[in-house]
Amino acid sequence: MFQQIFAKSKLLQSRRGKKALLLHWPLLRSVPLLLLSPILRFAAAGCHSQRGAPSSLFLSAPLPAFHPSPTTRPRPHAARAPKLPEPEAAGHEHRAAPRDMGEYCASPDGDAAVMTAVPLPPTRPSQDAAAKPRYGSCDRRYMKQVFDNLHGNISLDPLALQFVDTEEFQRLRDLKQLGLTYLVYPGAVHTRFEHSLGVYSLAGKVMDNLKMHQGEELGIDRVDIQTVKLAGLLHDIGHGPFSHLFEHEFLPRVIPGSTWSHEQMSVLLLDSIVDKHAIDIEADYLKTVKEMIVASSKFATTKSAKDKHFLYDIVANGRNGIDVDKFDYIGRDCRACGLGCNFQYWRLTEGMRVMGDEICYPAKDYLSVHKLFTTRADLHRTVYTHAKVKAVELMLVDALVEANDYLGISLHANDPEDFWKLDDTIIKSIETAPNNELKKSKEIIQRIRRRELYKFCNQYSVPRDKLEHFKDVTAQDIVCSQNSSEGLLKEEDVAVSNVKIDLTRGKDNPLESIKFFKDFGCNEKFPITDDRVSHLLPAYNQDRIVRVYAKKPELVEAVSEAFENFQLRMYGEKTQVHDTPKKKRIRFN
């Protein structure tokens, strides 16, 4: 049918074509407007080109907006075309002024074809497509999808994309989430980039859940959701290379008393990104995002918001430590290292409820909350502070310290304009540099490559009654404990690692600061103590472990003996589990 219509539309440029239009008008009436519009435009263009003056095609009635049933025959229109005046005699011919669409007028050719004008559907202005979506917009025209191996599909909103598509954020691709752990757990090669996307996704899920169940009660709006999601996306943007080694191990060595933190750098870098890339975000919203990023650090500031303080506990919870940052990295790290993870974060995200401006959890999920902290502690013990992992980290710190005077690595930590250039690739830069000034640093990195690591001698856990007054053990303490008759050891021959493992609150139980509720029909919140749940839960919430390493293989026995002497001098007994194996003592002598 449509082929017939388009074929006949070519006749509209002639007189008999206009008559054919009337003959086939019942057929044309059954065609939807969107299909008929090109035919009418084509005919109008033909008339214009032949006569040199605009010509309007009119329909005797509005077109139907639906397809007729195949079994229904289209009925001819009842209205008749009005009779037109006869054309004037030759010599008195004149052209009438063009009339507006919808008026009755005679065809230039004198035909009796007059129809009612039907305006074409307006086209959308092109500038609408380029219009910027407002803050918190979820317009799917401007969103992009990323597939994550932990959380599945992640939708990035337009404002988040502006931050993601910057060199400062893309730098996170070159920062391994677990630093040098991949040298012991080969699968641990995931990056801060995917972790940041994961936290962004979980922050959105938590906010969507709270809005669905308590949106009207809490006054949650699109601005709140966007702000929390941005805080999740950008919370680690200021992280240094090699996980926490940069701020906790390297900087204190080259800048004694350093108080630098990646949370503070994230705030500085965020300001730099907004200015440099001209990202359109309200100053008040940006301020709230920065406050949420540092909420759990020692640099936490006074909350600018007068209410909705629970929003500050979603990404970086300084109140009790339960946040989506931990939800993501616990699941992601366990998967990457091939370890099982019994913690199910979704039980907490779906069960949480805001009561008195504080996020509370069902009492039945007490053990799930406890498992969050114990799983994190297990990861610290078996992965993050693995004896071999710490050996590699101690070596890399020595290499970076040797290279700092020449490369000025620590200077980048003070300038957000330069800091984004610093990532894990600095190892390769040092390793391949031709400069003689980096010779010592290159030798240490070469030892790491060849697996000639510092030799682990032994370790001990600090007795519980000594924890309160414990001070970090130094290489000097070990050297001073060697037998005076030998005197083989020097301070540069010994490396000491002081490991601290807790449940995020030091010696305190974080669950004591968490509020629970009986069920969703109850409006009372309360804390729960361990003894009310189980007597199998640990009675203490902190561990201190001291490990000692020999930088040269031939000094393993001397370092081991000095370490045992140190324990006897400090505690009156050997607190290590067992002596250093003889095989390890004599292997390198």
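Modeller: Happy to. Let's start with a pair of helices: helix 10 and helix 16 are oblique to each other. Please keep in mind that this is a predicted model.

Biologist: What angle do helix 10 and helix 16 pack at, and how far apart are their axes?

Modeller: The angle is about 45°, and the axes are 10 Å apart. An angle between 35 and 65 degrees falls in the oblique class, so that is the label for helix 10 and helix 16. Helix 10 covers residues 245–254.

Biologist: Is that crossing of helix 10 and helix 16 left-handed or right-handed?

Modeller: Right-handed.

Biologist: And which residues of helix 10 and helix 16 meet there?

Modeller: From helix 10 you have Leu245, Glu249, Phe250, Arg253 and Val254. From helix 16 you have Lys390, Glu393, Val397, Asp398, Leu400, Val401 and Asn404. By class, the contact of helix 10 with helix 16 has six nonpolar, five charged and one polar residue.

Biologist: Is Ser410 buried or exposed?

Modeller: Buried, with a relative accessible area of 8%. The cut-off for buried is under 20%, which is why Ser410 gets that label.

Biologist: Which residues is Ser410 in contact with, leaving aside its neighbours within four places in sequence?

Modeller: Phe250, Leu251, Val254, Ile255 and Asn404.

Biologist: Nice. Let me zoom out for a second. How many helices and strands does the chain have?

Modeller: The chain comes to 22 helices and nine strands. It has 589 residues, and 48% of them count as buried. Among contacts between residues at least 6 apart in sequence, 73% join residues at least 24 apart.

Biologist: Back to helix pairs, then. How do helix 8 and helix 9 pack?

Modeller: Their angle is about 155°, with the axes 7 Å apart. Helix 8 spans residues 192–218 and helix 9 spans residues 222–234. Angles over 145 degrees count as roughly antiparallel, so helix 8 and helix 9 are roughly antiparallel to each other. Their crossing is right-handed.

Biologist: Which residues make the contact of helix 8 and helix 9?

Modeller: On helix 8 they include Leu197, Tyr200, Ala203 and Met207. On helix 9 they include Ile225, Val228 and Leu233. The residues of this contact divide into eight nonpolar, three polar and four charged.

Biologist: And how about helix 13 and helix 15, at what angle do they pack?

Modeller: About 45°, with their axes 11 Å apart. Helix 13 (residues 324–337) and helix 15 (residues 366–384) are therefore oblique to each other. The crossing of helix 13 and helix 15 is left-handed. The residues in contact include Phe327, Ile330, Cys334 and Cys337 of helix 13, and Leu372, Leu379 and Val383 of helix 15. By class, the contact has nine nonpolar, one polar and three charged residues.

Biologist: Is Cys334 buried or exposed?

Modeller: Buried, with a relative accessible area of 2%. Cys360 is buried too, at 0%.

Biologist: Changing topic: what is the phi of Arg451?

Modeller: Arg451 has a positive phi of about 65°, although it is not a glycine. Most residues other than glycine have a negative phi. Arg451 is in the loop between helix 19 (439–449) and strand 5 (455–461), and counts as partly exposed at 42% relative accessibility.

Biologist: And what is the phi of Thr504?

Modeller: Near 85°, again a positive value in a residue other than glycine. Thr504 lies in the loop between strand 6 and strand 7, and is partly exposed at 26% relative accessibility.

Biologist: Last one: where is Glu512 found?

Modeller: In the loop between strand 6 (494–502) and strand 7 (516–517). Glu512 is exposed, with a relative accessible area of 54%. The C-alpha atoms of Glu512 and Ile528 are separated by 6.6 Å, and those residues are 16 apart along the chain.

Definitions and conventions. Residues are numbered from 1 along each chain as its sequence is written. This is a predicted model: local features need pLDDT of at least 70, side-chain atom pairs count only at pLDDT 80 or more; totals for chains, interfaces and linings use all residues. Side-chain values use heavy atoms; hydrogens and water are left out. Buried means under 20% relative accessible area, exposed over 50%, partly exposed in between (1.4 Å probe, protein chains only). Axes are lines fitted to C-alpha atoms, for helices over the stretch in contact, and angles run from 0 to 180 degrees between N-to-C directions. Helices (H or I, at least four residues) and strands (E, at least two) are DSSP runs, numbered from the N terminus. Angles under 35 degrees count as roughly parallel, over 145 as roughly antiparallel, 65 to 115 as roughly perpendicular and the rest as oblique. A crossing is left-handed if the near helix is turned anticlockwise from the far one by less than a right angle, and right-handed if clockwise. Contact means heavy atoms within 4.5 Å. Ala, Val, Leu, Ile, Met, Phe, Trp, Tyr, Cys and Pro count as nonpolar, Asp, Glu, Lys and Arg as charged, and the others, Gly among them, as polar.
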